Amino acid sequence: MDIYLEKVDPDTNCYRFFSIRIEPDLFAPAALVTHWGRIGTRGRTRIRGSGPVAKCESMGEALRSLRLRHGYFETSLS
């Protein structure tokens, strides 16, 4: 899972990104890692949880739907 979301609203000077990734973990099969901030900056990173891949995917989908409700839209990194 590798999801990249953006929220762009020039009227309110809002240029944000939110990334959701599942990465390998040292103590569990997978970890859910989020990365967010203003577009063009380094942003912040947080490990939201770790465990089985299915659990991380369901947590990632919940975060994705929350961000979509808050005005973000999916884009590609290419």
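## A salt bridge to start with

Glu23 and Arg21 form a salt bridge, their closest N and O atoms lying 3.8 Å apart. The term salt bridge is used here for a side-chain nitrogen of Lys or Arg within 4 Å of a carboxyl oxygen of Asp or Glu. Glu23 is partly exposed because its relative accessibility is 30%, and Arg21 counts as partly exposed at 39%. On this scale, buried means under 20% relative accessible area, exposed means over 50%, and partly exposed is in between (1.4 Å probe, protein chains only). Asp2 joins Arg21 and Glu23 in a network of salt bridges.

This is a predicted model, in which local features need pLDDT of at least 70 and side-chain atom pairs count only at pLDDT 80 or more, while totals for chains, interfaces and linings use all residues. Residues are numbered from 1 along each chain as its sequence is written, and side-chain values use heavy atoms, with hydrogens and water left out.

## Arg64 and its two partners

How many salt bridges are there by this rule? The count comes to 4. In general, side chains of opposite charge can pair when their charged atoms come close.

Arg64 and Glu61 are 3 residues apart in helix H1 (residues 53-69), so about one helical turn separates them. Helices (H or I, at least four residues) and strands (E, at least two) are DSSP runs, numbered from the N terminus. Glu61 counts as partly exposed, at 36% relative accessibility.

Arg64 also forms a salt bridge with Glu74, and here the closest N and O atoms are 2.7 Å apart. Because Arg64 lies in helix H1 and Glu74 in strand E5 (residues 73-74), this pair ties together parts that are 10 residues apart in sequence. Both ends are partly exposed: Arg64 has a relative accessible area of 22%, and Glu74 has one of 42%.

## How the strands line up

Now for the sheet. In general, strands of a sheet pair through backbone hydrogen bonds, either parallel or antiparallel. Here 5 strands form an open sheet in the order E4-E3-E2-E1-E5, with antiparallel pairing. E4 and E5 are the edge strands, each pairing on one side only. Two strands are said to pair if DSSP finds at least two bridges between them.

Strand E2 (residues 14-23) pairs with E3 in the antiparallel sense over 8 bridges, and a hairpin of 6 residues joins E2 to E3. Phe17 has Gly37 in E3 as its bridge partner, while Glu23 has Ala31 in E3. E3 is also antiparallel to strand E4 (residues 44-51), with 7 bridges. Across that pairing, Ala30 stands opposite Gly51 in E4. The hairpin of E3 and E4 has 5 residues between the strands, and in it Gly40 takes a positive phi near 95°.

## Thr34, inside strand E3

Is Thr34 buried or exposed? Thr34 counts as buried, because its relative accessibility is 0%. This residue lies in strand E3 (residues 30-38). The side chain of Thr34 makes a polar contact with the side chain of Arg48 at 3.1 Å. A polar contact is a pair of N or O atoms within 3.5 Å; within protein, one must be able to donate a hydrogen and the other to accept it, and residues adjacent in sequence count only if both atoms are side-chain atoms.

Leaving aside neighbours within four places in sequence, the residues in contact with Thr34 include Phe18, Ile20, Thr45 and Leu63. Contact means heavy atoms within 4.5 Å.

Glu6 has its place in strand E1 (residues 2-9). Glu6 is buried yet has no salt bridge, and the nearest side chain of opposite charge, Arg38, is 12 Å away. For charge, Lys and Arg count as positive and Asp and Glu as negative; His and the chain ends are not counted. The side chain of Glu6 does make a polar contact with that of Tyr4, at 3.3 Å.

Thr75 lies in the segment after E5 and is partly exposed, at 27% relative accessibility. Apart from neighbours within four places in sequence, Thr75 is in contact with Tyr4 and Glu6. Thr75 and Phe17 are 58 residues apart along the chain, and their C-alpha atoms are separated by 9.8 Å.
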